[in-house]
Each structure stands twice: as C-alpha cells, then as structure tokens.
Amino acid sequence: MTITLNHYLLLAGMLFCIGLYGALAKQNAISILMGIELMLNACVINLVAFNRFMAPNHLVGHAFGLFVIALAAAEVAVGLALVLTVYRDLLSVNIQDFDWLKW
Amino acid sequence: MDFITNPGFPYLSVILLTPLVGALALIFVPREEVWTIKAIAAVSTLVSLILSVLIFLAYDQTIGGMQFKEDILWIKDLGVSYSLGVDGISLPLLLLTNLIGFSAVYASWNNKDRVKEFFILLLILITGVMGTFVTRDLFIFLLFYEVVVIPIYIMVIIWGSTKRVTKEYAGMKLTIYLLIGSAFLLAGMIALYVNAYQLTGVRTMDIESLMLVPFTEHFQIIGFLLLGIGFCTLISMWPFHSWSPDGYAGAPTAVSMIHAGVLKKIGGYGLIRIGLFVLPAGAKFWAPLIAVLAVGNVVYAAVICLVQKDLKYVVGYSSVSHMGYVLIGIAALNVISINGAIAQMFAHGVMAALFFAMIGNLYEKSHTRNIPDFGGLANQVPRLAVGFMLAGLASLGLPGLASFPAEFTIFVGAFGVYQVFTIIAISGIIFTAVYILRMLGNVLFGPRQQQWDKLTDLKGPEWVPLIVLGTVLVTFGIFPYLLMDPINTGVTSLFARTGLSTVIGGGF
Amino acid sequence: MDFTLLVPEMFVAALACLLLILNLVAPRGERRGLVIFAVLGILAAIAVVAFNFDMFDGFLGRMYLVDAYASFFKILFLIAALLVCLTTMNYYKPLAGEGGEAYTIMLFATLGMMILVSAGELITLYVGLELMTISFYILTANLAGEDARSSEAGLKYLILGAISSAVMLYGFTLLYGVTGTTMIHEIAQFKEASPAFWLGVIFALSGFGFKIAAVPFHMWAPDIYEGAPTPVTIFLAVASKAAGFGVFVRFFLTAFPQHADHWIPVIAIMAAATMILGNLAAIPQQNIKRMLAYSSIAQAGYLLVGLVAASEAGVKSILFYAMIYVFATVGAFAVTIAFNNVSESDDIADYSGLARRSPLLAVTLLVCMLSMAGIPPLAGFAGKFYLFSAVIEQGFLWLAIIGLVMSMLSVYYYLSVVRVMYLGEVTDYSAIKLKGSMKLVLYVCMVLSIILGAYPGPLAELANIAARFMF
Amino acid sequence: MIHFAVQNSWLIPLMPAIAFAIIVFFLRRTPQASAFFSISCISVSFLLSLGVVAGVLMDPAAVESSVTWFSMPGLTVEMGTLIDPISGMMVFVVSLIALLVQIYSVGYMENDPGYSIYFAYQSLFAMSMLGLVIANNFVQMFVFWELVGLCSYLLIGFWFYKISAREAAKKAFVTNRVGDYGFLLGILFLQIIFGTLNFTDLAQIIPTYANVGLLTVIALLVFTGPIGKSGQFPLHVWLPDAMEGPTPVSALIHAATMVVAGVYLIARAFFLFAAVPTALQVIAYVGGFTALFAATIAITQNDIKRILAYSTLSQLGYMVMALGVGGLTASMFHLMTHAFFKALLFLGAGSVIHALQGKQDIWEMGGLARKMPITTKTFIIGSLALAGIFPLAGFWSKDEILLAAQSNGFTGLYLIGSLVAFLTAFYMFRLVFVAFYGQAKPNNDPHESPAVMTTPLIILGLLSVVGGLVGMPWLSTNFGSYVYFGEAHHGYSLMIMVTSTVIALMGIYLAYLMYYKKTISASAIANRFKAIYTLLYNKYYIDEIYQWGINHIVDGAGRVAYWIDLHVVDGVVNGLAKGTRQSGTILRYLQTGQTQHYGMVLVAAVVVIILLLGLLDPSLGISAWGGGN
C-alpha cells in the first residue's frame, strides 16, 4: 500500500475534526487552546501534503506551513497569557464560567 | 411684475434658504432673548412668504412649465444636481408651505418651553417641506423629505401633549411609520434611477428627464408599487393612516399645522409628479386599487370622526377623510381630476392648518381638547369661534371657501372614470357636515359656561394664523381661477409633455 | 523589489517600535506626550499613503499590491487609529500598561490591516490577518486593566478568533491544494470547481465573515464589543471590520469572479440576515455599547450589500460607506467614552438628561446615530444610496427593500436613546467637562457626518478611483 | 335705467354682499349703522330688481351674461346671470321681502346684542338668495344653494346659546346636505354627459337626448335637492325646527324665499323634468303627499310658529305638486303669492311674539285682537289669503294649481289638493280664533308693535290682497303670459273656483265652531281619535325615527369603524411593532455568553452554507461529496 494524497488529507481532516471537537467541547481553556493547535497542525499537514503531491515544483506550501507554525506559536503565547489573566480574575479556567458578557 | 422675472436672481433659493438661515442665526441668539428669537423666526418666514406670493403672481402661465429654474451640479457621479424650479403644480404648494409656515410661527407665539430649540426645529421643518416642492431633482426631493422626520419627532416628544396616547408613542409611531414608508419610496426611487441609467446610459435624477425615459410596463408596475407605498403612507391612505390621528394629537400645534397642512401633501405631490408622470403605466395599473382604498378613506374616516371626543382626533381623522378625495382624484388619472386633487391639497392644507391653529390656541388656554368639556365658547371667545367656523365650513366644502372648487373639480374628474366609487365617496360630504357641525356646535354653541369665562380671545399675534389662512380660504374660494389656472397650466403641460393621455388611454 | 512601495508599512512599523522605546524612556503614566507623538506619526503616515494614492504597482510580482484600493483602506485605518488615539486621552481606565504599549500594539494592528488589504497572495494575507487579530486579542483583554470583563472578552475573542482563523486556514490549504497556487489572481484562472474547491471557498467565507461579524458568524461581536475597553471597541468595530471587508472584497472579486453566480446568493442571504438580526437584536438592549455593537453588526450587513452587487459601483459604495461609517461609529462610541468617564455607566437609562448636561455629546450622538440609520442629509444616507443603487443595478431589489426597511427600523432604537437624552428625568445637572482632544474627535465626527452627506462628491470620487482597481 | 338693471343684474346680489363685508369688517360695533347700511344696500337691490321686472315685462326674452369662474380642458365653470320672467319675478319677490323683513327687524331685533351681525347675516342671505335666483348654470345654483343653506344655519342658530337653536341649525344643515348630495350627483351626471351646466345650453341639448332612463335618474337626483331645501317628505324634518331662529328670519328664509329655492330650481330646470314624465309624476306625488302630510300635522300643533311652519311645508308641497302635474305657471304664481302672505303671517306672528315677550304657544295667547289691531287685521288677511278666499292672492294661485292637477289628469292629486285646502283653512283659523279671539290671559300685557314693524305688515297685507290679481285668468296679459314652460295657456274652471272656496269656508266654519263658539269640543275629538291625534301631534314620529337611525346606525357605524381602527388597523401596526420588539428579545437571549456555543454556531453555519450551496445547486457536486473526489 502506498501512501497517497488522500491518506494525508484524511489524516489532516481527522486531526482537524478532533481539534475542533476539543475546542468546542472541552471545558478547560488550556485544552481548548490545544484543540486549536491541532486544527492548525492539520492545516500544516494539508499544506505540506498538497505541496508534495499537487505542486511539487515550488515550495510555497512548505513556506506557508512554516508561517503557520510561527503564527500558531504566537497565538498560543497570547492565549496562555490570557488564560492566566482570566484565572487571576476568576480563579477558574473553565470556559463555561466566563459568561458575564451575554445578552 | 417685470422686476421679478429677472432671470438671474435665485428667488427659489432665497425662499428656500431664508428659514434655514434664520435657524442658523437662532443658534447664536442667547436662549433668554425670547422676543428676538420669535422675531427672527417670524421675519425669516415672512420673507419667504412674501417672495413666494410674488413668485406665485409672477409665474408666467402663458409659457407654463418649470420657471425660476436654478441648477447647480451637486453630486456628479450620481447625476444629482441642486436644481430648483416651480411649475403650476408646485407653485400653489410652495405658497401653501409658506403660508402655513408663517402662521405656524405665530401659532407658537405663546410657547414658553425651550423656545430657541423649538423655533430652530420649526424653521428646519419648514425648509425641509418647502424643499420637496421646489426641487426638480429626485435625490434632493427625498433628501428634503426625510430631513423633516427627525425634527418632527423631537418636537413631538418635547412639546407634544399626552392624551389618549402618550406623546412618546405618538411621536415614535409617526416617525417609524413614515420612515418605513419612505424605505419603500427610497427603494422605488433608486430602482427608477438605476433603471433609467440602464435604459439611457445617463445617470440623472432630474425628474423631468426621468419622465421621458421609456420604462417597461413591468418595471413601471413594480416601481409604482414601491413609490405608492411610500407616498400613500404619507398621504395617509387607508389602511396606512393610523399614524395620522395619533400623530396630530400628540404633536404641538405648529407641527400639526405643518404636518397636516403640507407634509401630508408631499405624498399626493409625489404620487402625481413622480408616480403618475414618470410611471404612467404603473399608475394606470394601480389606479383602481387606489380608488377603492380612497373611498375607504373618505367614508371610513368620516364615520370615525362622528364618535371622536378629542378635537384633534376629529381633525386628524377628518384630514384622512379629505385625503381620500385627493387620492380618488389622482386615481382617476385625468387632467380635471388631477387639477382638483392639487387644488384640494392646497385648500385642505390651509383649512387643516387653520383648524389646528385654533385648536392649539384653545388648548393652550383651556388645557383640554375634550369636546364634552366645552360648550358655548362663542359667548366668551367669538374671534376664536370665527376661526373654528371658517375652518369647519371649509372642511365641509362650503362654496365660497377654497375647498369647494377643488372638491367639485375632483368629483367631475373622477365621476367619469369611477362612477360608483365616486358616488360612494361623495356621500362623505354628508358625514363631514354631520361631524363638523356636531363638533362646532358642541364646542362653540350652547349655554354659556362659567368655567370658560377666564378664556381670553385671540389677540395680538394670535390673530395672524386666522387672518392669513382665513383670507386665503376666502380669496381662493371666491376667485378659484387664481388657484386653478396655474394648476391647470402645470398639469396640462405635463400631460402634453409626457404624452400621458396616450399611455393611460380613456379617462377623457 | 521596489521597497519604496512599502514605505507606509515600514513607517508605521517604525513608529510602533519608536513608541515602544519612548514608552520606556517616558515617565510612567505619561500618556499625553505619547498620544501626541502617535498622532503626529499617524498624520505623517496618512500623508505618505495619500501622496501615492493613485498608483498601481505590485511588490514581488502581484504578491503585495499597492493600488488606490489598498491606499483608500490604509487611509481609513490610519484615520481610525488617529481618532481612537485621541479618544484614549479621555479614557479613565489604564490602557495596556499605563502607557505606550497600547499605542504600539494598536499600530501593529494597523500594520496588520495595511498588509491585509494589500495582500495579493494567501500567505501574506494570512500573516497580515494574524498580525491584526493577535494584536486585537491583547488590546481587547487589556492585560494591564483590572476589569475582569475585558479579560473575559479577550479570552473569548481569542478562542473564537483562533477557531475561525483555523477554519479559514484550512480553507486556504484546500484552495492551495486544488489550484496549486497561493496567488489570488492565479486562483481566478482555475475555472473548474470541485467540491474541495467549494469547501475552500466556504471556509474562507466563514473566516472573512467572522472578521466582519456577519450573521451567522457574528456571535462573538456583541460580547467582545461590550467587554473590550471602549477605544478598543471602536478600533475593532471600525478598522478591523473595514480591514475584513477590504480583504474579503479583494479576495472574492479577484479569486472567484467566474463563480459569482454561486457565492453571490449566499452573501446576499448573509447580508439580509445580518441587517435583520443586527437591527432587531439592538432594539431590546439597555447597554449602549452593546446596542452599538448590534448596530455595527447591522452596518456590516449594509456593507455586504455592496459586495452582493459585485460591481465597480458596489465596491465604490463599500469604500464610501466604510469611510463614513468610521466617523459615525467613532463619534457614537466617543460619546460613550466621555459619558462613561463621568458616570462610570454605559446604561442607556443613565443617559437621561444628557442634552442638558452636555449638548455637544447629545448632538454628536444624535447625528452619528442618525447617520448610521441613513437619515439625510447625513453621510449614512448618501452611503446607503450608493450601496443600494449598486445592488439594485444588479437586480437585487428585494435586498434593497429589506435593507432600507431595516435601516428605518433602526431609527426606533436610536431615537429611544435620543428620547432619553432629551426628555429623560434629569437627576444630575452637572455639566460634563470634555478634554480638547475629545471635543476635537466629536466635532470632526459630527461635522464630517454632515458634510459627507450633504456633499458626498469628493469622497465618492476617491472611492471611485479606488474601486476601479478592483476590475 | 331699466336697460342698465337688466344688463347689470349681477349688481343685485353684489349690493348686499358689500353690505355684508362692510358690516363684518367695519360696522360690528355700531348697530344702527349696520342696520342702516344693510337696508340701504338691499333697497338698491330692490330698485334694481324693479328695473329688471320692468325690463322683463317689456321684453320677456332671456338675457344672459357670464364670466368664467374657473376653467380647464373639459370643465368650464361660469358665474353669470340669466334674466327672464321667472328669475325676474323671483328677484323682485326676494328683494322685496328681504327689504321688508330687514326693516321689520330693526324693530324686532332691537336691543339684541348681536344686532350688527344679524344684519350682516341678513345681507349675506340676501346676496346668496339673489345670486341663486339669477344663476345661469347649475354650479352657480349649487354654490348659492349651499350659501343660503349656510345663512339658514347661521340664522337659525342666531341665538346660539340656546341648545335647541344649536340643534335645529345643525339639523337644518345636515338634512339639506342629504338633499344636496343627490343634487350634486345630478349635476355631475349632467356635466359628464352633456359637458355643460349652462341652463340655456342644456335646454337645447336635453330634449334630443335619447337615454330617457338615465335622464330619469338624473332628474330624480336633481330633485333630491328640492326635497331637502323645500322640505318635501321625507327631508321635511328640519323646517319646523328651524323656527328656533328669530321670527323675521323664519319669515324671510323659512317661509318666503329660501325654502322655495327648491321649487324655483325645478322650474328653472324644467327642461330636464319635462323630458322625463316618470320623474314628473314622482315629483307630483311627493309634493301632493307632503302637502297633505304637513297639513295634518299642522292641525294639532300649538306653537304659533310651528303651525305656520307646517303650513309652509304644506304649501311647498302644493307648489311642488303643481310642477309635477306640469303647472309651472301655477307653481310660480303660488310661489309669489305665498311669499307675500306667508311672510305676512310670520311677521304677524313675530309681532305677537314680540308683544308677548317670546311666548309662542297659542293657548297662552288670546284676546290679542283688541290690543293689537293692525297685527290682527293683517294676520287675518294673511290667513284668508292662505285659505284661498276670493279675491285674495291665495285664491288665484291655489285655483291655478288645482286646475292644473285636474286638467292634466291627476284627479287624485286634485282631491288631495282640495282636502289640503280644507285643512289649511281649518288650522289657520284655529290659530286665529285661539290666539286672537280666545280668552285673554291675565299675565299677558300685549301692545301693538312699533311702526317700523307694522309698516311691513301693512305693505304685505296689501300685496296679499292684490298680489293675486296679476294672475287673474280673465286678463288677456297676466302672470301666465310671461312665466310659462312650453306654451302659455290661459284657462279657468268656475267649478273649481267655487268648490275650493266652499271647501275653504267650510274649514273656517269648522274652526269657528270648535275654537270660537266651542260648540264642538276639540278635546273630545282628540280623545275620540286618541291614536291618530297622538300620531299627528308627534309628527308621525319621523324625527324620533331619524334620531334613532342617527344614534344607532350612523353613530353605530362610527363606533364599529373606530373599534376596527383601534383594534384591527392599529392592532396590526402595534402587533407588528410588538412582534419586532419580541423577536429582538428572542435574538438577544440567543446570545448565551457561552464561548463554545458561539463556536458551535460558527461551525454549524459553515455546515449549513455547505448544504445550502450543495442542495440548491447540485451542479457544484457538493452533495455528491462524501465519496471523495
């Protein structure tokens, strides 16, 4: 069995869905951030796989992937800082507790 | 009148902008200087009034068409220009606006609460209404129309009165109702504009140019529907009328005067100038429906007037009823009926304004508008009673006052087209007589009541609305050709220009 | 590689860094000098952009486009940043570290937006987007502030923003995979639409929809607008939204014009839903910031109408409306800042009698809100006229009717505020004192809202020039 | 002078118009000056009308002139004058009676606080009535028709502080409006069909118009105007109530001039009615019925003015009936003589009321004959004239009417006419015997009225005596030689003259027995025919029926419509507003504050859009996705 594009895409798709599930279902803010990371990683896999199979002449997909990794790191850095602040205010990282702003 | 036909002088701009200049000037007057404030308001409206009377007289009927034109390109990419002009249709309405505007200033003379703001808003209101009648550009027309809505709201909620409904409710209802109507209007106008551009390749908002655009019949029907919803709401066509009695009841006197007197007429004016002359096939398609609803207006509202207890509600519903005549005149789509409709708008405007001025004056002194509270007021306030009588008699279409020639012309014009509807509508003259005389009788006549002995009669500035509007009612009633001839010039020349009779067919 | 094309961006980046350094040097708590510095810098940046307004060039091929369209938006962002900086002078709460960091981050967000609207390629676009968004996370949370609501808003924004951008990114990868390119104009040459391609389009749509807070991607906006410090809310509502539109319009009109028949109806429905929901949900609000948040959702709906037109006139109308929307929104929110400063309240009920306490605030709020509602002769009317005439030209009469009716309906809740201001019971007669910078903002917003409505010609001409580059 | 008057007959209504304007604007505070000015102006009108009459007598051909009031393509409305024998006669009668009544009013209205304004109204009325009379077209007729209605309203309600006056005025106007509605419709039909409303033009066109059915409808519609104005059944109810006005007003407006405007209209437009025999028959029977109907009521009434009012109704019915049977000459003749003696009777009644400080019940009078000799004599002359006793004015004109009815084959109407003649004589002399010769009441202190009031009485008394002679059938050139439609014809029937005189004398004798000799007990008869008496006394309950209709049907419709307006029309509006607010509230609470809900909505929205695109447009192939590409 050879690994084709479809396998990579399937993997990425599954990863994305798992990440999405995590982001939407987990209550712990840290876990949610991790879910988001998974989604972004799925994108990276997609990019790299597409680059390899669909347009192997350029390395645009790889470059894109690198940018995504960097930006994901930045995002998570800010995210963690925010979680800390919120924890300082509410002594909780449970996302369901944060519903002061509503209606 | 040669001096006034000097083509270079922008008479219409001066007429239009003088009240606005007055309003700007008022901003810089300290609020304590009540007398100065009133004087500025009175002078600025008087200037407009005098000039508009001069224009009315100087308008050359032998030439007809748009005169006193002014053109400044305003928004190039939309094809909008600040273009003014009056023809036989707008001329009477311009005069009407200024008559009522001037009277409204005096009708508010005794106002003591936030005088400065009141007169600023009033002058803006007058400018806005006037603008719709003198502009030849669709965009500017709409602009002026919508400009007036917000000042009215503010005036209602601040200086209005709460009776059956709160003034907040009345003001909001009036505003939102008219604005939503104007949303359809706006949509229709934009569609008109866009369609004309697609057909001719020229972006123009000039109403007279739009009249010559060959719109498809399908588009005309949709376009007229949209415009019609807007205009018919404004002219309070059944069943879009319920803002009107509540609104007038809540509004301060001056606003009621201007609203019932002229603002409402923008609906009829728009229906004629834009609905009818720009979209004749659409007008033809919808005219029967308008006629039916107009009959509803006349009879239904007149019957409701019978059981009203509040003076303003009587006049409010009465104006709904009278607008039915205007609508049926428009729906009949012929020169005679439209002449009549425009004349009726003028006559009703003067009459309704006079009525509201008198009611306002009475309310100001008695703090009630409840008809059963009154009785025998002619004993104490005979001058006020004269005003009431004049307005009431004009309302029931008495010959010798301006509304009779107008109504008669409408009837003649409409009768040939919608016989049954017109017959039903004319029955309104009976109901009108009943409720008007009942109201006049119950308020003015009967035994003297001690509680009203303290009422003071019209005096000083309070005379002005009665004198101005009463004179107009009588003058145009005895010499109706003064009013009818210019209107006829305007309508016939537009019929000829747009070839309307060939599109509409019949009706002649 | 003509680096001169990047002068505005580099200027703004430099300004941001300079501010950061200055902040270290300047005494703690000193805000005034920094703001003046930032304002002057931004003015210079505007001059730089405006100087090269009517040009068309690409940096690295068409990777980074410098054209009038981008310049128009850049000027808009810079104006917004300028006005926001001025409003912060009056903002009582500490804003991101008692000093300059907030301005630095704001400028970085501006930089992100500038990159975003110039992006001709997916990677650049994504980077610009993230630069803008991440800056906003920080600004929203107001890390230096004590307000727990800001923190909550920041976290919410971060989570939702990250999810949305991940979805969008996934869409980008699909597009890249299907077409084999990240250049937007090259995607346009890809005529055959496969399911994967459409997934990519829809995912991208969701991402842009999120940025502009269009229904059904709008859920974050009211909470975040309410929770964020008001100057940030302004910036978010005005600049971020405009940036979203800038890239949205460019991306969709450049990349997918040949599929327009399919995505335009979707956007039309979104536009209609946005206008309806935004206006209806604003009606029962009691908090003015939240009300304005819903109102700004509705504004996004109007702007979307221009995209539905997908024509030169449509783009022009978006540009025009986005610009006048800046003044209306900044003006309205600035009033809430000034009011909050003395009353520490955003409840509409507390605005009672504002007309007596400060006529300027009341009139500005009135004018700006009515401009948003599209009442002539204010700017919003002209803007709506452009928008709806563009869309009617394309045959979407129904959308125009919905939009117009909804905008007239919006007068209802705007006037409710007006009623409170002018008629409400007055309990506190003390006049509200305003700082010069705040007065400046208020006057600018009010006067421009009137002038641009009464005489929209020049701005419309600029928008027209800019829009021409899209086709 | 004569030529001038005929050519410038527009001056006749103009004079009182000037008086009205001057009094209203300048003379309100100087009562004597007002009266003087008003009377001067009407005198000028009277002189001019004398000139007109002379002119007409010299040359009966119609003289017409007009100016355009307003015009437009398809509609030209004129104001003009049409002087021919009919209008000449009317101008003369109207200006004469108006002049006499104004003179009389100087005495009668003395000390009334509204003295000036009273004369202003009188002038306004004179203007309107004269304008109506000389009208050369239907619109002008209608304009002045309405204006006389207005004057009637104003003068009935002159003492507006009396509730009864206020209500009577309103009733008069509204009832007339009902008639005017039909009249207006008729005018509109004429305008639409013939394109002109000029009498002369229409007289040319109408006989050639083929659609008799439509013409009948038009004629009947026009006839509703006279039904209202001339108090024909069923719109007669306002006239008795109109007696609330000052008595000179009743004499002028509600007896001699305005109420006959309807009759005059039919005569003026006789070319229309003559073309449709069916309409004429209707008119004849309406008139005959009214004549009888009102006379029966009159015999039971106790108020002196009301008796006269019902008498007026009855006589108006006579005139209308005369027109209906084709006797235009007879009708016009009776119109003129009736104006003389009915004005006389009203002014006489006014004199009595004046003397008794406002008492109007004939049973409270009595014994006036000795105290008020002039009034009594003139009143009796008037009564005899009304009863149709030879050779007084009423005799000639009534005989003409009966003759016309009989000779044109309306035997039933002839009998009714004779019966009415009997009733008329009876109720008039019931009035005379009770009021003037009955037992004097101790608390009354009557005295003869001043000369300014008695002079008009004497003049009118003279006219009542000799006024009928102009119509003597034995004259070769009499009234009928000038006033006629079609062909003038002279004729008389001695049989009718004798029988009608006998019938009238029987009526007088019966009244003499019942109310002077009291050999027949009136109350016994009343008790005997209790039901009929009550019915008559209550005027057949027609007012009550109308009142019920207005209260329940018209106002009921108003209440229903208002309910609909509040709850349906406004209900929809308010409901929409409420619905909008509530949907806003629902949307508001969808915003739960839960971050992950928002995220789910986001994802769900993406899914929905995928489905939407896929389902709506299968060509995109999204619906087939799932199997991969």
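Biologist: Which chains have the most contacts among the five pairs of chains that touch?

Modeller: In this predicted model, chains B and D have the most contacts among the five touching pairs. Chain A and chain B, by contrast, do not touch, and their nearest C-alpha atoms are 25 Å apart.

Biologist: Which residues in helix 1 of chain A meet residues in helix 2 of chain A?

Modeller: Among those from helix 1 of chain A are A:Tyr8, A:Leu15 and A:Phe16, while those from helix 2 of chain A include A:Ile36, A:Met39 and A:Phe50. The residues of this contact comprise 19 nonpolar, five polar and no charged.

Biologist: Where is A:Gly61, and is this residue buried or exposed?

Modeller: A:Gly61 is in helix 3 (residues 60–90) of chain A. Because its relative accessibility is 0%, A:Gly61 counts as buried; the cut-off for buried is under 20%. Beyond its neighbours within four places in sequence, A:Gly61 is in contact with A:Leu47, A:Asn51 and C:Tyr176. A:Gly61 and A:Phe50 are 11 residues apart in sequence, and their C-alpha atoms are 7.1 Å apart in space.

Biologist: How many residues of helix 5 of chain D are buried?

Modeller: Of its 19 residues, 18 are buried, so helix 5 of chain D is largely enclosed by the rest of the structure. At 1.5 Å a residue, helix 5 (residues 115–133) of chain D should span 27 Å, which agrees with the 27 Å between its end C-alpha atoms.

Biologist: Which residues does a cis peptide bond join?

Modeller: Most peptide bonds are trans, and most residues other than glycine have a negative phi. A cis peptide bond joins C:Val215 and C:Pro216, with omega about 10°. C:Pro216 is in the loop between helix 8 (195–212) and helix 9 (220–227) of chain C. Another cis peptide bond joins D:Phe233 and D:Pro234, with omega about 5°.

Biologist: What is the phi of B:Arg114, and where does this residue lie?

Modeller: The phi of B:Arg114 is near 45°, a positive value in a residue other than glycine. B:Arg114 is in the loop between helix 3 (90–107) and helix 4 (115–134) of chain B.

Terms used: Residues numbered from 1 in each chain as written. Chains lettered and ligands numbered in written order. Predicted model: local features only at pLDDT ≥ 70, side-chain atom pairs only at ≥ 80, totals over all residues. Heavy atoms only, no water. Contact = heavy atoms within 4.5 Å. Helix = DSSP H or I, 4+ residues; strand = E, 2+ residues; numbered from the N terminus. Nonpolar A, V, L, I, M, F, W, Y, C, P; charged D, E, K, R; others polar. Expected span 1.5 Å × (residues − 1). Buried < 20%, exposed > 50% of the residue type's maximum accessible area, 1.4 Å probe, protein only.
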